[in-house]
Amino acid sequence: MNEGFPEERGAWLRCYRCWSQRLEAQVHYDEILKVDPETGEAADRVEEIQEAVVQCLDCMHDQPHLTVADGRVVPVEERWERMVAGRPFVASCTVTIDQDQVETCSGPDAADSLTFGALGDSGTREFFTHVRFHKHDDDLIVVHLLVELYARTEEEAIDVLEEAARGTLEITSLAEESRPPAHAPGEAH
Ligand SMILES: [Zn+2]
């Protein structure tokens, strides 16, 4: 356990980048309702799907270490400590994946599709990922990426990338950056 980050609400209920505690949650609900064949009434709830994004009001970044459950913001256990206590690392890497893992590699959705194919949910939701280019090699696609992610050590940054990669990962360079300045409470914006 890192000193200065006790496992209490104040430790994780903050922006992972600027440590501001001014947060906003955007929650979208989708309801799936059963339709009564006689009256057409759509009432009985079959399923409710909730999607929540927590955002920092000071630096406007999304907070992938936080989510909403039962009307309360809760930490994502496997992420929060690493992200809040960590520092940004920038990796230049390639991920070689099966072409079936990429829905489309051209057009406006190509970058998202290649990012998801290479790094899954972490690539699209947690990391800042920039697809530099991609190359086809028979049934394989080699995706060249620049990735910014938060970790406490270089080893941890490598582990996180390896865990996220949905194919063969090769890291060409990995550099630790300095953390963006912490948000001072009461600072004017
Ligand atoms: Zn922030």
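In what order do the 4 strands of the open sheet lie?

## The model and its overall layout

The 4 strands form an open sheet in the order 6-7-5-8, with antiparallel pairing, where two strands are said to pair if DSSP finds at least two bridges between them. This is a predicted model, in which local features need pLDDT of at least 70 and side-chain atom pairs count only at pLDDT 80 or more, while totals for chains, interfaces and linings use all residues. Residues are numbered from 1 along each chain as its sequence is written.

The secondary structure of the protein comes to 4 helices and 8 strands, and along the sequence these follow the pattern α-β-β-β-β-α-β-α-β-β-α-β. Helices (H or I, at least four residues) and strands (E, at least two) are DSSP runs, numbered from the N terminus. The C-alpha atoms fill a box of roughly 65 × 55 × 30 Å, taken along the principal axes. Of the 189 residues in the protein, 26% are buried; a residue is buried if 20 or more other C-beta atoms lie within 10 Å of its own, exposed if 12 or fewer, and partly exposed in between, with C-beta atoms placed from the backbone.

## Two domains

The protein is divided into domain 1 (9-83) and domain 2 (86-176), with bounds that come from an automatic or database domain assignment. The C-alpha centres of domain 1 and domain 2 lie 25 Å apart, and the contact takes 5 residues from domain 1 and 7 residues from domain 2. Two residues are in contact if their C-beta atoms, placed from the backbone, lie within 7 Å. Among the contacts in the protein with a separation of 6 or more, 59% are accounted for by residues 24 or more positions apart.

## The sheet and the helices on it

In the sheet with the order 6-7-5-8, the edge strands are strand 6 and strand 8, each of which pairs on one side only, and the twist averages 15 degrees from one strand to the next. Strand 5 and strand 8 pair in the antiparallel sense over 8 bridges; Val-90, for instance, has Ala-175 in strand 8 as its bridge partner.

Helix 3 packs on the sheet, where it touches strand 5, strand 6 and strand 7, and its direction makes about 145 degrees with that of strand 6. Helix 4 also packs on the sheet, touching strand 5, strand 7 and strand 8, and its direction makes about 150 degrees with that of strand 8. For these values, axes are lines fitted to C-alpha atoms, for helices over the stretch in contact, and angles run from 0 to 180 degrees between N-to-C directions.

In helix 4 (residues 154-164), the buried residues are Ala-157, Val-160, Leu-161 and Ala-164. They lie on the same side of helix 4, because they cover an arc of only 95 degrees around the axis, the arc being that of the directions from the helix axis to the C-beta atoms. An α-helix has 3.6 residues a turn, so residues three or four places apart point the same way. The face turned away from the buried side of helix 4 carries the exposed residues Glu-155, Glu-162 and Glu-163, whereas the buried residues pack against strand 5 (87-98), helix 3 (110-126), strand 7 and strand 8 (168-176).

Leaving aside neighbours within four places in sequence, Leu-161 is in contact with Ala-91, Cys-93, Val-147, Leu-169 and Ile-171.

Met-60, in the loop between strand 2 (42-56) and strand 3 (66-69), has a phi near 70 degrees, a positive value in a residue other than glycine. Asp-138, in the loop between strand 6 (128-137) and strand 7 (140-151), likewise has a positive phi of about 55 degrees although it is not a glycine. Met-60 is exposed, with 11 other C-beta atoms within 10 Å, and Asp-138 is exposed with 6.

Ala-182 is placed in the segment after strand 8 and counts as exposed, with 12 C-beta neighbours inside 10 Å. The C-alpha atoms of Ala-182 and Trp-19 are separated by 5.8 Å, although these residues are 163 residues apart along the chain.
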